[in-house]
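These notebook entries record what I looked up in the structure. I kept them in the order in which I worked.

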Amino acid sequence: MSDGEPGEAYELGRTCALAAECGRDLRRCAQMYGVLFPPAAFDAELYNTLTLTTAFSAPWAAADRLKGVNRATLWVLAVDRLVDHTATTREQVNRLTRECLSVADGAVPRSAVTRFLADLRDELGTVKEFDGLQWLWRDQLARMLAGMARAWVWRNAQAAPTLAGYLDNADSRGSCFVDLSHWIYTGDDWVKAHLEQLRAVSRHVQRYLHLLGDMASYRRDMSWGDLNILGLGVSRAEVSDAMAGLAREAAQLIEPVRERSPRAAAYLRRQLGFHAGFNGIPDPGHTA
């Protein structure tokens, strides 16, 4: 064993323990909104994957500091299920969008999904800067919901957007909304003062993750009738080439951030690497 291996093993073990602690909190959270999280769709593997992702993306954080990112991610998954697997009409999708945006603006929630969003909003509101940042958080929420609605229309109309059009709708994935929630809750002073700049970088990373998610979930998406880029006439080779280009561009955008906020940059780089490794996709840091 080399001198560096004990330290590396310690950090890996500590990060796994962090993920386990976050997982316990997240399961308790899900129980509060039980109707949103049926066990058939939200099993132990999903919670483990979610908390491993956030723990390895920000291993320097304590579990209570990852509460915002974990809960935002879980809420996005709940909304995605409602849009993809519960809504049967466009009006249902539109009504869900209106109710969520109204609650983001401060309205009283009237359903489990909006109650969860209100609780997330109020948790972020414990950060003193949230009053000045809420508009940006709300704007990204609106972009995410609009992207989900657009994807619902594509799927139900059996439309086939181009690869470029599909990527332009990457806000439907929700990872940028999650990133903003995380940075508002835990970011340093520079991060909170430059969230618009960071959002641009996060949205680019989101485009890569949008394609990676489709590559990883192709069989499941096809069996469930979900939208997937590989089911829209785009070849796996085309998707891989696009991902390689997006990874290179993301690295270039992240580098200036590293000089100002090393942890914000590391968080974004780690998301790219963890998702790729977890899903058996070639390392985005070593694309040709």
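**Entry: salt bridges**

I began with Arg-138 and Asp-105, whose side chains meet in a salt bridge at 3.1 Å, N to O. I took a salt bridge to be a side-chain nitrogen of Lys or Arg within 4 Å of a carboxyl oxygen of Asp or Glu. Arg-138 lies in helix H6 and Asp-105 in the loop between helix H4 (90–104) and helix H5 (112–124), so the pair ties together parts that are 33 residues apart in sequence. Helices are DSSP runs (H or I, at least four residues), as strands are (E, at least two), and both are numbered from the N terminus. At a relative accessible area of 27%, Arg-138 is partly exposed. For these classes I used under 20% relative accessible area for buried, over 50% for exposed and the range in between for partly exposed, with a 1.4 Å probe and protein chains only.

I noted the basis of the work as well: the model is predicted, local features need pLDDT of at least 70, side-chain atom pairs count only at pLDDT 80 or more, and totals for chains, interfaces and linings use all residues. Residues are numbered from 1 along each chain as its sequence is written, and side-chain values use heavy atoms, with hydrogens and water left out.

I then looked up Lys-192, which forms a salt bridge with Glu-129, the closest N and O atoms being 3.3 Å apart. Lys-192 belongs to helix H9 (residues 189–193) and Glu-129 to the loop between H5 and H6, so this pair ties together parts that are 63 residues apart in sequence. Lys-192 counts as buried at 16% relative accessibility, whereas Glu-129 counts as partly exposed at 23%. I also recorded one network, in which salt bridges that share partners join Asp-25, Arg-28 and Arg-71.

Glu-91 and Arg-98 gave me a further salt bridge between side chains, at 2.8 Å from N to O. Glu-91 is partly exposed at 39% relative accessibility, and Arg-98 is partly exposed at 47%. The count of salt bridges by this rule comes to 16.

**Entry: nonpolar core**

Which residues have the most contacts inside the largest nonpolar core? I found Phe-37, Trp-75 and Tyr-208, in a core of 92 residues. Helix H6 (residues 130–156) gives the most to this core, with twelve residues. A nonpolar core is here a set of buried Ala, Val, Leu, Ile, Met, Phe, Trp, Tyr and Cys residues joined through side-chain atoms within 4.5 Å.

I listed the contacts of Trp-75, leaving aside its neighbours within four places in sequence: Cys-100, Val-113, Phe-116, Leu-117, Leu-141, Met-144 and Phe-177. Contact means heavy atoms within 4.5 Å.

**Entry: helix H10**

I looked up Gln-206 in helix H10 (residues 195–216). Gln-206 counts as buried, at 1% relative accessibility. Beyond residues up to four places away in sequence, Gln-206 touches Ala-170, Asp-171, Arg-173, Gly-174, Ser-175 and Cys-176.

Arg-207 is also found in helix H10, and counts as partly exposed at 24% relative accessibility. With residues up to four places away again not counted, Arg-207 touches Leu-167, Asp-168, Ala-170 and Leu-246. I noted that Arg-207 and Ala-242 are 35 residues apart in sequence and 9.7 Å apart in space, C-alpha to C-alpha.

**Entry: packing of H12 and H13**

Helix H12 (residues 236–260) packs with helix H13 (residues 262–278) at an angle of about 155°, and their axes are 6 Å apart. Axes are lines fitted to C-alpha atoms, for helices over the stretch in contact, and angles run from 0 to 180 degrees between N-to-C directions. H12 and H13 are therefore roughly antiparallel, a class that needs an angle over 145 degrees.

From H12, I recorded Ala-250, Ile-254, Val-257, Arg-258 and Arg-260, which meet Pro-262, Ala-264, Ala-265, Leu-268, Arg-269 and Leu-272 in H13. The residues of this contact divide into eight nonpolar, no polar and three charged. Asp, Glu, Lys and Arg count as charged, Ala, Val, Leu, Ile, Met, Phe, Trp, Tyr, Cys and Pro as nonpolar, and the others, Gly among them, as polar.

**Entry: two single residues**

Gln-158 has a positive phi of about 55° although it is not a glycine. Most residues other than glycine have a negative phi. Gln-158 lies in the loop between H6 and helix H7 (163–168) and counts as exposed at 72% relative accessibility.

Thr-53 is found in helix H2 (residues 44–57) and is buried, with a relative accessible area of 11%. Residues up to four places away in sequence aside, Thr-53 touches Phe-274 and His-275.

Notes: Parallel < 35°, antiparallel > 145°, perpendicular 65-115°, else oblique.
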